[in-house]
Amino acid sequence: MRIGELAAATGTTPRALRHYEQEGLIGSTREANGYRDYDERAAVRVRNIRYLLDTGLTLADVRCFAGCLDGDMTTAPPSPEGLAVARDRLARIDARLAAQTEARNRLAQALEAATPPPPRAPLTPPAHPRPPAESRP
């Protein structure tokens, strides 16, 4: 199957497929005209790569799953190594979120301190209108 066919079959792009191949996650052979030719297993591997990336893992994380990419990863029980990789990625994401939240809070405090308060309305009581001249005694 050519790269465009594999991209269409897996809902990804030829560029992403070339990147996965460069990273060693999928392989192809070359036809006489230089076109890449992927076997049917490549579609399963690409779907699994996309599944793992969509969960929040990185390509570096996905490399740890290279031996599992030919099976159905969506229904297979996770391995202890896979769970460790996922937990590590989650901890890194949590740390980044905490750092971003702290930065956001510091910026909000700085803006609050630098912004003058809105002007206050005068504290004089409102004037009571006088009744019309006809209604006065």
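This is a predicted model: local features need pLDDT of at least 70, side-chain atom pairs count only at pLDDT 80 or more; totals for chains, interfaces and linings use all residues.
Two packed helices are described by the angle between their axes and the distance between the axes.

Helix 1 and helix 3 pack with their axes 10 Å apart and at an angle of about 50°. On the side of helix 1, the contact is formed by Leu 6, Ala 9 and Thr 10, which meet Ala 42, Ala 43, Val 46 and Arg 47 of helix 3. Divided by class, the residues of this contact comprise five nonpolar, one polar and one charged.

Thr 10 lies in helix 1 and has a relative accessibility of 13%. Because buried means under 20% relative accessible area, Thr 10 counts as buried at this value. When residues up to four places away in sequence are not counted, Thr 10 touches Ala 43, Val 46 and Arg 47.

The packing of helix 1 (residues 3-10) against helix 2 (residues 14-22) has another geometry. The axes of helix 1 and helix 2 come within 9 Å and cross at roughly 105°. The band for roughly perpendicular pairs runs from 65 to 115 degrees, and helix 1 and helix 2 are therefore roughly perpendicular to each other. Ile 3, Leu 6 and Ala 7 of helix 1 make the contact with Pro 14, Leu 17 and Arg 18 of helix 2. This contact of helix 1 with helix 2 has five nonpolar residues, no polar residues and one charged residue. Leu 6 takes part in the contact with helix 2 and also in the contact with helix 3.

Helix 3 (residues 41-54) has 14 residues, and the distance from its first C-alpha to its last is 20 Å, close to the 20 Å expected at 1.5 Å a residue. Buried positions in helix 3 are Ala 42, Ala 43, Arg 45, Val 46, Asn 48, Ile 49 and Leu 52. The cover over these buried residues of helix 3 includes helix 1, helix 2 and helix 4 (59-63). After helix 3 comes Gly 56, with a positive phi near 115°.

Within helix 3, Asn 48 has a relative accessible area of 4% and is buried. With neighbours within four places in sequence left aside, the contacts of Asn 48 are Cys 68, Leu 69, Asp 70, Gly 71, Asp 72 and Met 73.

Helix 5 (80-114) consists of 35 residues, which should span 51 Å at 1.5 Å a residue; the end C-alpha atoms of helix 5 are 51 Å apart, in agreement with that expectation. The buried residues of helix 5 are Gly 82, Val 85 and Arg 89, and these buried residues pack against helix 4.

Glu 112, located in helix 5, counts as exposed at 64% relative accessibility. Between the C-alpha atoms of Glu 112 and Leu 97, which are 15 residues apart along the chain, the separation is 22 Å. Ala 114 also belongs to helix 5 and, with a relative accessible area of 61%, is exposed. The C-alpha atoms of Ala 114 and Ala 103 are separated by 16 Å, at 11 residues apart along the chain.

The segment after helix 5 contains His 128. At 71% relative accessibility, which lies over the 50% limit for exposed residues, His 128 counts as exposed. His 128 and Ala 60 are 75 Å apart in space, C-alpha to C-alpha, and 68 residues apart in sequence.

Notes:
Residues are numbered from 1 along each chain as its sequence is written. Side-chain values use heavy atoms; hydrogens and water are left out. Axes are lines fitted to C-alpha atoms, for helices over the stretch in contact, and angles run from 0 to 180 degrees between N-to-C directions. Helices (H or I, at least four residues) and strands (E, at least two) are DSSP runs, numbered from the N terminus. Angles under 35 degrees count as roughly parallel, over 145 as roughly antiparallel, 65 to 115 as roughly perpendicular and the rest as oblique. Contact means heavy atoms within 4.5 Å. Ala, Val, Leu, Ile, Met, Phe, Trp, Tyr, Cys and Pro count as nonpolar, Asp, Glu, Lys and Arg as charged, and the others, Gly among them, as polar. The expected span of a helix is 1.5 Å times one less than its number of residues. Buried means under 20% relative accessible area, exposed over 50%, partly exposed in between (1.4 Å probe, protein chains only).
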